[in-house]
Amino acid sequence: MSKYFLNYLDELESEAIFILREVWAQFENPVILFSGGKDSILVTHLAKKAFYPAKIPFSLLHVDTGHNFPETIKFRDDLVNELGVNLIVGFVQESINNGRVAEEKGKNATRNSLQITTLLDTIEEHKIDCAIGGGRRDEEKARAKERFFSHRNDFGEWDPKNQRPELWNLLNGKHFEGEHFRAFPISNWTEMDVWNYIKRENIKIPSLYVAHEREVVWRNNSWIPVSEFLRLEQGEKTYKKKIRFRTLGDITITGGIESDADTLEKIVEEVSAMRKTERGDRSDDKRSETAMEDRKKQGYF
């Protein structure tokens with residue numbers, strides 16, 4: 001009898017689809033956390049495959065900080081219309097207006113951590129019991145501690161020392177009223193895997209990921225895009241650079257890299273030679289050694 005071997009991308013795809021189907025089987029009201037970045041786009045594509053020919057059974061949940069790339073919002077809306085799925089949006093500005101959070105001040109002010117309250121409020125309002133994210137273990141050391149099914153207590157907090165074992169692919173989604181889970185179907189993927197899969201499947205991505213000319217300023221050792229939300233400090237200069245973004249967040253904190261990679265083939269080649277993590281140009285992660293873990297313990301993605 002001949003043996004059948006899966007290509008490594010097929011193995012990763014199969015694992016992710018298994019987890020997505022487990023989420024649908026075990027939870028009452030799961031959603032996909034959708035930022036418009038490549039990882040959430042990938043998870044949405046995998047969900048489309050997992051339940052084909054039926055429609056994706058999950059709503060998409062986007063926490064809108066108000067400081068988005070315009071290209072990201074357009075891509076989100078176009079994809080929602082194409083797939084015919086429900087979109088839930090939680091607005092950070094509403095959290096600010098209602099006194100739930102306070103706007104940061106100063107040169108490096110960001111709305112990144114303010115998303116936590118908006119996300120948890122939206123989860124509670126819509127009675128969401130599982131939020132599916134595109135987090136990957138190779139991104140950042142705090143995300144390396146995540147399980148496929150990541151438990152959150154009734155305050156939305158994450159305790160990395162109190163997670164459930166996942167032996168033999170047995171996933172335990174049992175929870176008490178008020179608690180919820182985060183699920184990470186692409187935990188075992190690397191940045192290189194993501195780009196190889198996007199290339200193989202010909203998945204649409206925002207133009208921000210490919211090299212393009214943009215006005216930027218050098219700040220926190222990254223090229224930060226100039227926008228209406230960026231206040232230039234004395235002595236700072238703007239430049240026209242051909243850049244692309246390896247990861248997408250708020251326009252105020254997402255640093256680009258100088259690049260000529262304007263096709264998927266060139267992006268794959270460029271990523272293969274990278275020695276710096278893709279979140280290395282995110283200024284929100286540079287605030288401290290444990291910035292990501294501190295946010296995640298409070299309820300961040």
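Q: What should I know about the model before I start?
A: It is a predicted model, in which local features need pLDDT of at least 70 and side-chain atom pairs count only at pLDDT 80 or more, while totals for chains, interfaces and linings use all residues. Residues are numbered from 1 along each chain as its sequence is written, and side-chain values use heavy atoms, with hydrogens and water left out.

Q: OK, how many aromatic pairs are there?
A: The count comes to eleven aromatic pairs, where rings of Phe, Tyr and Trp (its six-membered ring) pair if their centres lie within 6.5 Å, and planes under 30 degrees apart count as stacked, over 60 as edge-to-face and the rest as tilted. One of them is Trp24 with Phe58, an edge-to-face pair at 5.7 Å centre to centre and 85 degrees between the planes.

Q: And which parts does the pair of Trp24 and Phe58 tie together?
A: Trp24 lies in helix α1 (residues 8-26) and Phe58 in the loop between α2 (38-51) and β2 (59-64), so the pair ties together parts that are 34 residues apart in sequence. Helices (H or I, at least four residues) and strands (E, at least two) are DSSP runs, numbered from the N terminus.

Q: Is Phe58 buried or exposed?
A: Phe58 counts as buried at 2% relative accessibility, whereas Trp24, at 39%, counts as partly exposed; buried means under 20% relative accessible area, exposed over 50%, and partly exposed in between (1.4 Å probe, protein chains only).

Q: Which cluster does Trp24 belong to?
A: Ring pairs link Trp24 with Phe51 and Phe58 into a cluster.

Q: Switching to helices, at what angle do α1 and α6 pack?
A: They pack at an angle of about 95 degrees, with their axes 11 Å apart, where axes are lines fitted to C-alpha atoms, for helices over the stretch in contact, and angles run from 0 to 180 degrees between N-to-C directions. That makes α1 roughly perpendicular to α6, given that angles under 35 degrees count as roughly parallel, over 145 as roughly antiparallel, 65 to 115 as roughly perpendicular and the rest as oblique.

Q: Which residues in α1 and α6 meet?
A: Tyr8, Leu9, Asp10, Leu12 and Glu13 in α1 meet Asp193, Asn196, Tyr197, Arg200 and Glu201 in α6, with contact meaning heavy atoms within 4.5 Å.

Q: Last one, where is Asn202?
A: Asn202 sits in the loop between α6 and β7, and Asn202 is exposed, with a relative accessible area of 63%.
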